[in-house]
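I set out to record what can be read from the coordinates of one protein model. The entries below follow the order in which I looked things up.

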Amino acid sequence: MAGKRTRRVAASFSTALFGLCCLTSFSSHAATVEAAEPNTFVGKNYHNLWSLRGGAMVDAATKIDFEDTLGNLSLYGVGVRKKGPIKVYSVGMYSDESAKSSIASLPKNKNALTALRKSLKSSKTTSFLLKMNFKVGAEKMADAIAESVDPRTSDKGAVDSLKKLIMDGVAAKGAATPGTILQFDCLGDGSVNVSVDGKAVGSASGLSEPFCDVFLDENGVSPAFRESVVENCCGVASSSTSSSSTATHSSSHNPIHIIGSLFYHKLKLPKLPYKYNALQPIISEKTLRAHHLKHNAKYIETVNQIVGEGGASLKHLSMEQIVKSKTLKERNPVLYNNAAQCWNHLFFWRCMSGSGGGGEPKGLLAKTIRRDFGSFDNLRKEMESSSIKAFGSGWTWLGYDKIQKKLVVSTMTGAGNPLIEGIIPILVIDMWEHAYYLDYQDNRKEYINGFFDRLVNWKYAQQNLKHAMGKGIVPETVHHMSHHGLPLVAALYSANVAKKTAVHMLFQQS
């Protein structure tokens, strides 16, 4: 029996290897084609904007996102924890600003982490969020973490206590399934508080420093996490040119780079996914040209100027961090508003289709709309009413509230973006006058009706919803499909099916 299982595993890995070889050849070609294009805000991936999402950082390996703050603590970095080929969870670390400031001027190398570990000893709280990407049983999860902490402390009793807390917390929900969040608060008194999905489990004494070292010392369990912390907290250009999967380093064809990339290069005006006359008669060529070439271009020019003059304190920020940050909105409203307008316009262009747009949505989006609004007509009326009643200029958003797990409508003035409230954008209507006034003057209702009847890109909106709900094909797959066609789809399918089969067999044997 064991021999047959071993042969099945070997066969699965062989199939996976074949599929992945095909994938590698296509990916290498894509990287070569795009090598001349720097990793900019837009780059050559402007068509993949359904990968835009909330959170200050996104772990490119798992597509799991992390908010920029946890209470009064700031996010330092994120990274994946792997076991062989399995991406078990993504980890994000939060602590106070003083520790981050202590390494802000240091070069981006491993010495910065040594300095950070010393600074964290005086922090009142340093929290680690472990967001599960792969299902792991309670006992295995507890064993894995305890085994990482154990060699870093001589207090074996405390390690046993921590192990029991993790096991009890995870066992209460059956297993650590994808989406489960384990939180470890390392306190100034040396104790570690454990919570699972927001429910406090208990505290283990004397393990605060060893637990931090699990992720921060030179033998830490996630190299990607350590690189991310250095990249995001130190103010000098990284000496690393690694293409490993971190929140801020990814290949030039990774869609996360569109909005999550650093400002190492100036922003570029995005190309529209259609011709200037493609939206007529709803939006005239004259209006679209002025909107894109004048207004959108001005926002980009302003952001480039501010970031260029702001030095390292601004150049390390991603677009997500800017748009999501309430602090930055208060302290630097000019940068915030112009950056948010860049984000909003980039998203808005994708919300319209030059052909086949309008009508009613289908599939998951249609079902979710009926569930949350009663009918599509009700949603349309709510978005229309919200847009018409809004005072001044702004944006009317259809978003997905990940906490309440429902669709919501909101009109936000100025450069308002729902990401700042933790809402994931699904669809938007630009209600700034430059979007419609040349064609409709003050008749907002006619502009909105035209948007719904002829322009709205429901396929894009559905992709955004699937992404917000954690469903559907990953962005990279869509990108490669659109560039390389069906042969790559076959390779991806073969590799993914074989990988899942092999991984589950390995776990059954372990």
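**Entry 1. Basis.** I note that this is a predicted model, in which local features need pLDDT of at least 70 and side-chain atom pairs count only at pLDDT 80 or more, while totals for chains, interfaces and linings use all residues. Residues are numbered from 1 along each chain as its sequence is written, and side-chain values use heavy atoms, with hydrogens and water left out.

**Entry 2. Whole chain.** I looked up the secondary structure and found 20 helices and 14 strands in the protein. Helices (H or I, at least four residues) and strands (E, at least two) are DSSP runs numbered from the N terminus. Of the 510 residues, 53% are buried; buried means under 20% relative accessible area, exposed over 50%, and partly exposed in between, with a 1.4 Å probe and protein chains only. I then looked at contacts, meaning heavy atoms within 4.5 Å. Among those between residues at least 6 apart in sequence, 69% join residues at least 24 apart.

Entry 3. I traced an open sheet of seven strands in the order 3-4-5-6-9-10-11, with antiparallel pairing. Two strands count as paired if DSSP finds at least two bridges between them. Strand 3 (69-70) and strand 11 (199-204) are the edge strands, each pairing on one side only. Strand 4 (residues 73-83) pairs with strand 5 (residues 86-95) over nine bridges, and K83 stands opposite I86 in strand 5. Strand 5 is joined to strand 6 by six bridges, with S90 opposite K131 in strand 6. Seven bridges join strand 6 to strand 9 (residues 181-187), where T125 stands opposite L187.

**Entry 4. Strand 6 and M132.** I asked how many of the eight residues of strand 6 are buried. Seven of the eight are, so strand 6 is largely enclosed by the rest of the structure. M132 is found in this strand, which covers residues 125-132, and M132 is buried at a relative accessible area of 2%. Leaving aside neighbours within four places in sequence, M132 is in contact with residues including I64, V88, Y89, M141 and P178. I also recorded that M132 and K87 are 45 residues apart in sequence and 8.8 Å apart in space, C-alpha to C-alpha.

**Entry 5. Nonpolar cores.** I take a nonpolar core as a set of buried Ala, Val, Leu, Ile, Met, Phe, Trp, Tyr and Cys residues joined through side-chain atoms within 4.5 Å. The largest has 64 residues, and those with the most contacts inside it are M352, L398, L407, Y447 and F451. Helix 13 (residues 333-350) gives the most to this core, with nine residues. A second, separate core of 49 residues includes Y89, M93, L165 and C234. Returning to M352, I found it in contact with Y274, L279, I283, F451, L455 and N457, neighbours within four places in sequence left aside.

**Entry 6. Helices 14 and 18.** I looked up how helix 14 (residues 363-373) meets helix 18 (residues 458-468): the angle is about 75 degrees and the axes are 8 Å apart. Axes are lines fitted to C-alpha atoms, for helices over the stretch in contact, and angles run from 0 to 180 degrees between N-to-C directions. Helix 14 is therefore roughly perpendicular to helix 18, a term covering 65 to 115 degrees. Helix 14 contributes G363, L364, L365 and T368, and helix 18 contributes W458, A461, Q462, L465 and K466.

**Entry 7. Backbone exceptions.** Most residues other than glycine have a negative phi, and most peptide bonds are trans. I found that the peptide bond from Q280 to P281 is cis, with omega near 5 degrees; P281 lies in the loop between helix 8 (256-260) and helix 9 (285-310). K63 has a positive phi, near 65 degrees, in the loop between strand 1 (57-59) and strand 2 (64-66). Phi of Q441 is also positive, near 55 degrees, and Q441 lies in the loop between helix 16 (437-440) and helix 17 (444-455). Is K63 buried or exposed? K63 is buried, at a relative accessible area of 13%, whereas Q441 is partly exposed at 41%.

Notes
Parallel < 35°, antiparallel > 145°, perpendicular 65-115°, else oblique.
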